[in-house]
Amino acid sequence: MYLWLKDAIARDAVVITASRRLTRELQAAYAAQQLEAGVQSWVTPAISFWNDWCKRQLEAVADPLPLPLTIDDFSSSILWERCLRKHAPDAVPALSGVIRQARDAWQTLKAWNVPLADLAASARSPDEQMFAAAAADYQALLESAAWTDRDSIPRLVAGLLANKLTRAPRAVVVAGFDRFSPAVTEVIDALAAAGCTVRSAPQPDMGAHASVASFADHDAEMRAAGAWARHILQSDAEAKIAVISPALQSEADRTARLVREGLAPGWQYDGEGLRAAVNVSYGRKLSDFPAISSALLILRWIHHGLSTREISLLLRSKCVASQQLAGRSRLELKLRRLPDQSWSAGSLLRALKGRDESADSLAWFRGMQAVIALQQDVRHAASPAYWAGRMDSLLSEWCWPGEGALTSSEFQLVNRWRELLNELARTAIVTPQLRFNEAVLRLASLAADVIFQPEADAGVVSLMGTLEAAGMEFDHVWISGMHAGLWPPAGNPSSLLSRELQKESGLPDATPADTLLFSRRVLQRLAGCAPTAVFSWPRSDGESELAASSLLDEMALDIYSGPGDPGWHAARFYGTDATAMITDDPVPAVTADETVRGGAYTVQRQSVEPFAAFVYGRLGVRRPDAIEPGIAPGVRGDIIHNALHTLFAGRPSQADVKNWDSANLEQRLGSAIDSALAGHLRHADATHARLLGLERTRLFRLLRSFVSAEIERPAYVVVDVEKSIDSAAYGVRLKLRIDRIDRLTDGSLLVIDYKTGRPKNLLNRDGDPLDLQLVVYADVLQETVGGLALINIDSRSISYKGTPGSVESDVARQDAWPERLAAWCDEVHRALREIAAGDVRINLLLTADEGRPLGILSRLEEARRAH
């Protein structure tokens with residue numbers, strides 16, 4: 001491959017590429033050629049990316065003083081922000097997006113050598129006029145300060161070559177350019193005029209066999225591409241294979257997973273080994289990497305509170321504080337029980353400190369203290385370099401990017417972040433002084449603009465976009481996504497440049513004809529980059545039918561006859577042989593020192609789904625509380641329970657409750673409610689405090705209604721509230737807590753549980769309990785139990801659901817009540833014996849929704865198909 005390369009280097013030619021990817025590819029190819037020829041060492045070949053070569057030409061000038069100083073992209077963005085802010089309407093919601101568009105438009109103007117006078121004369125719409133005015137100001141700023149930016153360098157280089165102020169190489173080979181902009185052409189002409197031989201790398205014409213295939217959808221298409229590559233590699237392990245995707249920019253990770261699915265079925269089981277088999281050439285925004293996202297959150301915390309969701313991410317991140325997560329995971333669960341709000345470092349430290357003393361929690365607390373300390377030093381303006389240093393020091397206090405050894409990709413990511421800090425420091429040329437929060441905003445904006453992809457081994461299959469493959473050669477290539485809706489792609493003319501200017505200057509995508517011509521040229525180039533090529537397209541996008549691109553009709557293509565869509569690897573586990581995958585997996589019996597979690601709920605789960613009782617009760621799995629705005633339902637329920645506990649803590653009789661006069665009742669209710677809200681108000685911000693104030697008003701109305709309902713019940717005396725009992729039946733140790741126990745007029749006990757969510761019934765149509773929770777409580781009490789009752793407490797109604805005669809004045813107690821309760825207790829004993837024995841049966845009658853939370857652990861679908 002690249003047969004022209006060795007000859008070009010031998011002739012002392014400089015190779016200039018259109019992309020850094022192609023630069024690395026050619027360097028590796030030349031090294032392979034040298035080794036194949038038996039050469040042990042060689043001079044590094046002169047192969048450079050276009051922008052890097054231009055920059056080196058400026059650096060090579062003997063007397064650089066007359067040259068303008070080149071500012072980097074970060075500094076350029078700051079200048080654009082100033083110029084656009086001056087001319088942009090106040091209604092523009094996000095200037096950062098406009099800055100990106102302006103820089104793209106400016107880059108296009110410079111690449112096509114469009115004079116600013118033409119830009120101003122052609123501007124018609126408000127957006128075009130805004131950009132024209134901002135561009136004039138930007139150019140004036142550069143000229144007044146003797147600066148230039150990256151986009152203006154090619155014209156400077158052309159001038160230096162023309163005036164013989166920089167030396168032209170003997171020969172230049174340009175590679176990977178699908179089209180030459182006027183700025184590139186101007187440099188090439190200047191090189192030729194200076195006596196340099198300039199030629200383009202020969203286009204490979206290896207497309208001896210090309211075929212076309214269609215698949216049901218995008219997923220099937222990309223899995224088939226992976227299977228095709230697998231088929232080739234089985235007969236030629238050294239084959240160089242590429243899969244090209246026009247839509248890679250929007251779905252790179254997902255497309256890579258699909259290709260792996262066909263290339264290496266079961267790749268998920270091999271960690272990084274098989275994951276690296278597909279090398280994806282398209283990177284991600286720097287700010288999308290977890291380590292960078294965590295760093296930006298910490299820096300933003302200096303000036304702005306973080307939401308509970310953002311704090312949760314930091315607590316679960318291995319990039320900060322410690323590699324250990326056990327203590328921080330416990331803190332995160334406690335955080336979910338606190339009001340969702342904007343947390344300052346100080347308020348969060350007060351809320352969490354002392355709740356966990358493990359080493360990783362203490363490291364996290366030290367990080368928060370470092371944030372608080374820096375907050376005292378950011379109230380003044382300072383140089384960008386000073387703030388960059390303080391940012392780096394703060395992240396070091398947080399042990400960022402983690403304690404463990406970095407992988408190659410992680411090392412490159414951290415280096416790119418540190419380059420970003422250096423770029424921030426270099427902005428002193430345009431912003432000598434700024435405040436810390438402004439520096440963080442600028443850093444975050446730049447991180448959102450930078451596309452980062454770590455250099456990695458080539459992998460056995462390269463996955464890349466259509467433009468990234470320019471100039472590259474392969475043994476086999478698969479070009480996907482060739483449907484009419486995606487290829488040719490829609491034109492993308494600039495919205496800040498008038499259509500007339502774009503047409504007159506011949507800018508890319510100025511007309512549909514230009515887009516079509518360029519798409520045809522790219523397609524021909526892709527067809528010729530390998531001896532065998534497959535063009536594919538999906539017949540459906542899930543919502544509508546698709547057709548093949550009309551550009552395929554212009555090519556001589558055979559019908560594809562290779563491997564088809566292999567489907568999902570995991571699907572084979574659900575076939576007719578699923579029984580072979582299910583083996584006995586016994587669970588040990590409960591040990592003498594084991595405490596089963598979940599209390600009475602675990603017994604209830606055992607009666608319905610033994611596997612769930614094992615997971616939640618014995619393994620200790622728990623579902624984290626959802627992070628919700630306002631007062632979460634679970635928190636609201638806790639508040640009501642605590643208020644009722646305080647209200648009845650004195651164990652009043654019904655007669656006592658009836659004797660509470662209006663003033664006494666209001667005082668009791670106020671005391672109970674305030675006690676229940678106190679812990680939540682302690683950590684509430686202004687907004688949440690107001691919500692809790694509204695909740696206090698609601699609770700007054702709710703508890704007044706509840707007290708009125710309590711007065712109408714049959715007579716009772718409250719015996720206990722929030723009663724804790726340690727149970728140890730059949731070797732199953734449970735910690736139980738009963739909301740309330742009343743004594744009825746016949747001396748028996750009424751066991752009560754409060755329900756604050758959706759109203760629930762206690763008994764089914766046959767008069768048996770729907771839930772064994774209250775039966776478990778009744779079973780452990782040492783006195784006669786005369787009834788069980790659920791009290792549903794809701795703003796809409798107060799309802800009592802109990803065994804007959806327990807809470808209604810006009811209903812007699814259930815016939816044969818002691819026998820019925822004993823039978824229910826037998827169900828509890830059976831469940832306890834099953835728990836003790838290690839029962840993990842799976843209930844195959846569960847609905848999909850009921851089985852979903854534990855479906856992966858229980859293998860419910862496998863078991864259901866096996867039976």
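Helix α25 crosses helix α27 in the right-handed sense. By class, nine nonpolar, four polar and one charged residues make up the contact of α25 with α27. The structure described here is a predicted model. Two packed helices are described by the angle between their axes and the distance between the axes. For α25 (residues 633-647) and α27 (residues 662-681), the angle is about 140° and the axes lie 8 Å apart. Angles over 145 degrees would count as roughly antiparallel. The two helices are therefore oblique to each other. On the α25 side, the contact is formed by V635, I639, N642, A643, T646 and L647. These residues meet R668, L669, A672, I673, S675, A676, L677 and H680 of α27.

Confidence was examined along the protein chain. The mean pLDDT is 91, and 95% of the residues reach 70 or more. Residues 575-583 have pLDDT below 50. In the model, this stretch makes 11 contacts beyond near neighbours in sequence. Where pLDDT is low, the predicted coordinates should not be read in detail.

Four bridges link β5 (residues 171-175) to β6 in the parallel sense. Within this pairing, A171 stands opposite T197 of β6.

Another open sheet is built from seven strands. The order is β9-β14-β8-β15-β16-β7-β17, with parallel pairing. Strands β9 (278-280) and β17 (558-559) form the edges, and each pairs on one side only. Strands β15 (residues 476-479) and β16 (residues 532-538) run parallel and are joined by four bridges. I479 faces F535 of β16 across the pairing. Helix α22 (residues 512-527) lies across both β15 and β16, as well as β8 (241-244). The angle of α22 to β16 is about 130°.

Methods:
Residues numbered from 1 in each chain as written. Predicted model: local features only at pLDDT ≥ 70, side-chain atom pairs only at ≥ 80, totals over all residues. Heavy atoms only, no water. Axes fitted to C-alpha atoms, helices over the stretch in contact; angles between N-to-C directions. Parallel < 35°, antiparallel > 145°, perpendicular 65-115°, else oblique. Left-handed = near helix turned anticlockwise from the far one by under 90°. Contact = heavy atoms within 4.5 Å. Nonpolar A, V, L, I, M, F, W, Y, C, P; charged D, E, K, R; others polar. pLDDT = per-residue confidence, 0-100. Pairing = 2+ DSSP bridges.
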